[in-house]
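User: I'm new to reading helix packing. Could you walk me through it on an example?

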Amino acid sequence: MTTTLAPAAPTAHGAVRPASVRAPLRDVATMTRREARRSLRSIDGLITAFALPVLIMSAFVIVFGGAISGGTGGEYIDYVVPGLLIMCLGMNSATAATGVAQDMTTGTIDRFKTLPIFSSSALWGHVIASVVRNLASVVVVLLVALAYGFRPDADPAQWLGFVGMVVLAVVTFTWISVVLGLVLSVEASMSVNMIFLFVPYLSSGFVPVDTMPDWLHGFAEHQPFTPIIESVRGLLMGSPDGGTILTACAWLVGVLAASVAAGSVLYRRRTAR
């Protein structure tokens, strides 16, 4: 499905008026719908978005929870759900890498280049569809977590902060994936989710940092996933820490800005050929 820009209209003085500024938004909306339909047709994508997070959470809560809970100072499910959420959001966002790689290598982008549409609309379509898909995944994971005994203590403002943090994280993770999709083959892009699967394990997502070996403390304390997960945990449990949230936002905004800039440059170079 394609979107055409509104034709330029003459002004009272005979000059040509530029196409409506709403046209790029319509183009992005069209690309978002395209990507959403593709996601709904992908069995692998649906499993990654909805079934895999529940299975991973079930393993940690039911299989490992009894053995680990002693070191977390409370119910393990209350400790681990924020880390699982961020890890699964990253893995789900990583599917954008494969989508972008497919668009770049199958001639899809070449066809889009012949149409009068906003040049980056395809990339933004991947990003926005990823946000919608991930928010739906978060709802499913939280509902299952509540059934398992998860008991958040957030007030309305903290829930709003939680949603904001999730959206910012998903947008950042997806733009990282978009950049990788622009430089990797389709086969290689399928491994991007490994980044978001393994790096969170070396954070405070699943066990407190002080229970890790001493040589891991430095990396675990200062890598970006730790403040992001701690911010989400604090917001959900009603005890947010302003400094941790600022650190997490600084990481996310900085990486997002770098990813958008890199993605824009790479996309222009790839489509200029």
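User: How are H3 and H6 oriented to each other, roughly parallel or roughly antiparallel?

Analyst: Two packed helices are described by the angle between their axes and the distance between those axes. Keep in mind that this is a predicted model. Here, helix H3 (residues 76-93) and helix H6 (residues 121-148) pack at about 155 degrees, and their axes lie 10 Å apart. Angles over 145 degrees count as roughly antiparallel, so that is how H3 and H6 run relative to each other. The crossing of H3 past H6 is right-handed.

User: Which residues make the contact?

Analyst: On the H3 side you'll find Ile77, Val81, Leu85, Cys88, Leu89, Asn92 and Ser93. H6 brings in Ser130, Arg133, Asn134, Ser137, Val138, Val141, Leu142, Ala145 and Tyr148. Sorted by class, the H3 and H6 contact has 10 nonpolar, five polar and one charged residues.

User: And which residues touch the most other members of the largest nonpolar core?

Analyst: That core has 59 residues, and the ones touching the most other members are Val81, Leu84, Leu85, Ile86, Met87, Phe162 and Val178. H3 supplies the largest share of the core, 12 residues. Take Val178: leaving out residues up to four places away in sequence, Val178 touches Ala96, Val100, Leu123 and Val127.

User: What about Gly99, is that residue buried or exposed?

Analyst: Buried means under 20% relative accessible area, and Gly99 has 4%, so Gly99 is buried. Gly99 sits in helix H4 (residues 95-105). Setting aside neighbours within four places in sequence, Gly99 contacts Arg38 and His126. Gly99 and Gly181 are 82 residues apart in sequence, yet their C-alpha atoms are 7.5 Å apart in space.

How values were computed: Residues are numbered from 1 along each chain as its sequence is written. This is a predicted model: local features need pLDDT of at least 70, side-chain atom pairs count only at pLDDT 80 or more; totals for chains, interfaces and linings use all residues. Side-chain values use heavy atoms; hydrogens and water are left out. Axes are lines fitted to C-alpha atoms, for helices over the stretch in contact, and angles run from 0 to 180 degrees between N-to-C directions. Helices (H or I, at least four residues) and strands (E, at least two) are DSSP runs, numbered from the N terminus. Angles under 35 degrees count as roughly parallel, over 145 as roughly antiparallel, 65 to 115 as roughly perpendicular and the rest as oblique. A crossing is left-handed if the near helix is turned anticlockwise from the far one by less than a right angle, and right-handed if clockwise. Contact means heavy atoms within 4.5 Å. Ala, Val, Leu, Ile, Met, Phe, Trp, Tyr, Cys and Pro count as nonpolar, Asp, Glu, Lys and Arg as charged, and the others, Gly among them, as polar. A nonpolar core is a set of buried Ala, Val, Leu, Ile, Met, Phe, Trp, Tyr and Cys residues joined through side-chain atoms within 4.5 Å. Buried means under 20% relative accessible area, exposed over 50%, partly exposed in between (1.4 Å probe, protein chains only).
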